[in-house]
Amino acid sequence: MAAQQRAAAAMSGAVDLSVLKDRADAQRAAQSAPAGAPGGPNPSPAASGDAVIDVTEATFESEVINRSTRQLVVVDLWATWCEPCKQLSPLLESMAGESGGRWVLAKVDVDANPRIAQAFRAQSIPMVVALAHGQPVSVFTGVKPRGEIQAWIDEILTQVGPSFPDAGPAPAEQEEPVDPRMAAAEAKLDDGDVDGALADYRAIAEAEPGNLEAASLVRNLTFVSRASKHPASIVETAAAGNVDDQLAAADVELIGQQPEAAFDRLVELVRVTADDDRARARARLLELFELYEPNEPVVMAARRKLASALF
């Protein structure tokens, strides 16, 4: 969940939902007209309490932004030509209907409503964004299984659900069985034995390629173990032409919460090196990208810079 929280934090500063406000304001007079009057709108699906709402640019403010102050809103960005969307959207609709009103699904056809897609800076679809109190709180892209989506929603409602008057009762929590191998590795980590915990998590990941938690921990701990061994001064003393120095400096910058500086350093290293050195720099940059959600703006910006450096 830590990765999702990083993504949410990044999105809060990157998504500009206000770009839709002007269009909504321009049509507000028409929306306020009686339902039977010429030019008046059809009754809003939200008014009937439906769990699934078809949203347009004109209704986005009222049915997504305003509604998210009372209820968790999950926005499904889709298109008729998108094959993965045809798998995900029916699943989300079914889950929304079964949620008992704890959340609502807002469906957005990105072809018909491009400004909404632009507001969320959607790079690919399907893209699913959860909003609470007018702000994005978490996001995922691509098709995911029901269990993973339900866990995602439950975790969000655990955090923000109590602030919603219409959230409804939370489902009874079910304790997941504890994997003793994971527990033993976690105990080592708690004791400060990063290398020992890393060895245990790596053994689990190699034995179970589908264990995403173990694989994620291996990536993170591999980085932490390596970065913690570099002197902080390497950022200032790294020789421009020394690949090892530059890789180490990027590690120190990233562990110091300066991802943009770390990524820029490695992109420049890719730009000025060749052959094996360039391959090493590119491989390290891609490795560091894996520590973040792919939709985080700092990662997307660095990927564009890397493409420019390579071609």
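User: Which side chains meet D76 and K107 in a salt bridge, and how is such a pair read?
Analyst: Side chains of opposite charge can pair when their charged atoms come close. A salt bridge is a side-chain nitrogen of Lys or Arg within 4 Å of a carboxyl oxygen of Asp or Glu. Here the side chains of D76 and K107 form one, at 3.5 Å from N to O. D76 is in strand β2 (residues 72-78) and K107 in strand β3 (residues 103-109), 31 residues apart; strands (E, at least two residues) and helices (H or I, at least four) are DSSP runs, numbered from the N terminus. The model is predicted: local features need pLDDT of at least 70, side-chain atom pairs count only at pLDDT 80 or more, and totals for chains, interfaces and linings use all residues. Residues are numbered from 1 along each chain as its sequence is written, and side-chain values use heavy atoms, with hydrogens and water left out.

User: Is D76 buried or exposed?
Analyst: Buried means under 20% relative accessible area, exposed over 50%, and partly exposed in between (1.4 Å probe, protein chains only). D76 has 0% relative accessibility, so D76 counts as buried. K107, at 8%, counts as buried too.

User: Where do K305 and D264 lie?
Analyst: K305 lies in helix α15 (residues 297-310) and D264 in helix α13 (residues 259-272), so their pair ties together parts 41 residues apart in sequence. K305 is partly exposed at 33%, and D264 is partly exposed at 30%.

User: How many salt bridges does the rule give?
Analyst: The count comes to 18.
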